[in-house]
Amino acid sequence: MSRPAQIWVDADACPTVIKEILYRAAERAQVVLTLVANQPLRVPNSRFIRTVQVMQGFDVADNEIVQRAAAGDLVITADIPLADEVISKGARALNPRGEMYTPATIKARLNMRDFMDTLRSSGIQTGGPAALSQTERKAFADQLDRWLQRNSA
């Protein structure tokens, strides 16, 4: 017997406003939400919200998520390589700006990420991401709701 779909969060870089949306959604839909980080996290007291603290280190939290996520789960991350790995396991990946990564789009996103990495390593300033907009927050909440409608009990 398989377990119900769960939500995993790459929590170290996840914006607080997105975590708050996720906390409310986990309670409302009664779906297990697990935040994985390399530092202690404060989360609401809930039987649906859990945290996993991993050791400090490059990709330690990502590797933990890849190991634990299962087909049908949802992973919240802006990390393109992590999204690629969980998609290959049959999970879904949603970034905090509301973009649902898919098998059809993830390779192009991975190529663009690698290209931008190459630019940065050659000394070209590419700038950081813009602040999370209200439109992106709504897009995230809408994608999360769609996933919850399909996957919660």
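In this predicted model, helix α2 (60-68) keeps A61, D62, E64, I65 and V66 buried. The cover over these buried residues includes β1, β2, β3 and β4, together with helix α3 (80-88). D59 is partly exposed, since its relative accessible area is 31%, and a residue must fall under 20% to count as buried.

Strand β1 comes next. I7 and V9 point one way from β1, W8 and D10 point the other way, and all four of these residues are buried. β1 pairs with β2 in the parallel sense over 4 bridges, and the bridge partner of I7 in β2 is L33. β1 also pairs with β4, again in the parallel sense, over 3 bridges; here V9 stands opposite I76 of β4. Together with the helix α1, strands β1 and β2 form a right-handed β-α-β unit.

The helix of that unit, α1, covers residues 16-29. Its 14 residues should span 20 Å at 1.5 Å a residue, and because the end C-alpha atoms are 20 Å apart, the model agrees with this expectation. The buried residues of α1 are I18, K19, I21, L22, Y23, A25, A26 and A29. For readers tracing the spacing of these positions, an α-helix has 3.6 residues a turn, so residues three or four places apart point the same way. The buried residues of α1 pack against β1 (7-10), β2 (33-37), β3 (49-53), β4 (74-76) and α5. Just after the helix, Q30 takes a positive phi of about 55°; Q30 is a residue other than glycine and sits in the loop between α1 and β2.

The largest nonpolar core has 27 residues, of which I7, V9, L22, L33, I76 and L144 touch the most other members. At least two residues of this core come from each of β1, α1, β2, β4 and α5, and α1 gives the most, with 7 residues. L33 illustrates the packing well: not counting residues up to four places away in sequence, L33 touches I7, V9, L22, Y23, A26, F48, I49 and R50. Apart from this core lies another, of 19 residues, among them V36, A69, I87 and Y101.

Two further positions complete the picture. S46 lies in the loop between β2 and β3, and S46 counts as buried because its relative accessibility is 14%. A polar atom of the S46 side chain lies 2.9 Å from the backbone nitrogen of F48, and F48 is one of the residues touched by L33. By contrast, Q134, in helix α5 (residues 134-151), is exposed, with a relative accessible area of 58%. Q134 and R97 are 37 residues apart in sequence, and their C-alpha atoms are 9.6 Å apart in space.

Notes. Residues are numbered from 1 along each chain as its sequence is written. This is a predicted model: local features need pLDDT of at least 70, side-chain atom pairs count only at pLDDT 80 or more; totals for chains, interfaces and linings use all residues. Side-chain values use heavy atoms; hydrogens and water are left out. Buried means under 20% relative accessible area, exposed over 50%, partly exposed in between (1.4 Å probe, protein chains only). The expected span of a helix is 1.5 Å times one less than its number of residues. Contact means heavy atoms within 4.5 Å. Two strands pair if DSSP finds at least two bridges between them. A crossover is right-handed if, with the strands pointing away from the viewer, the path from the first strand over the helix to the second runs clockwise. A polar contact is a pair of N or O atoms within 3.5 Å; within protein, one must be able to donate a hydrogen and the other to accept it, and residues adjacent in sequence count only if both atoms are side-chain atoms. A nonpolar core is a set of buried Ala, Val, Leu, Ile, Met, Phe, Trp, Tyr and Cys residues joined through side-chain atoms within 4.5 Å.
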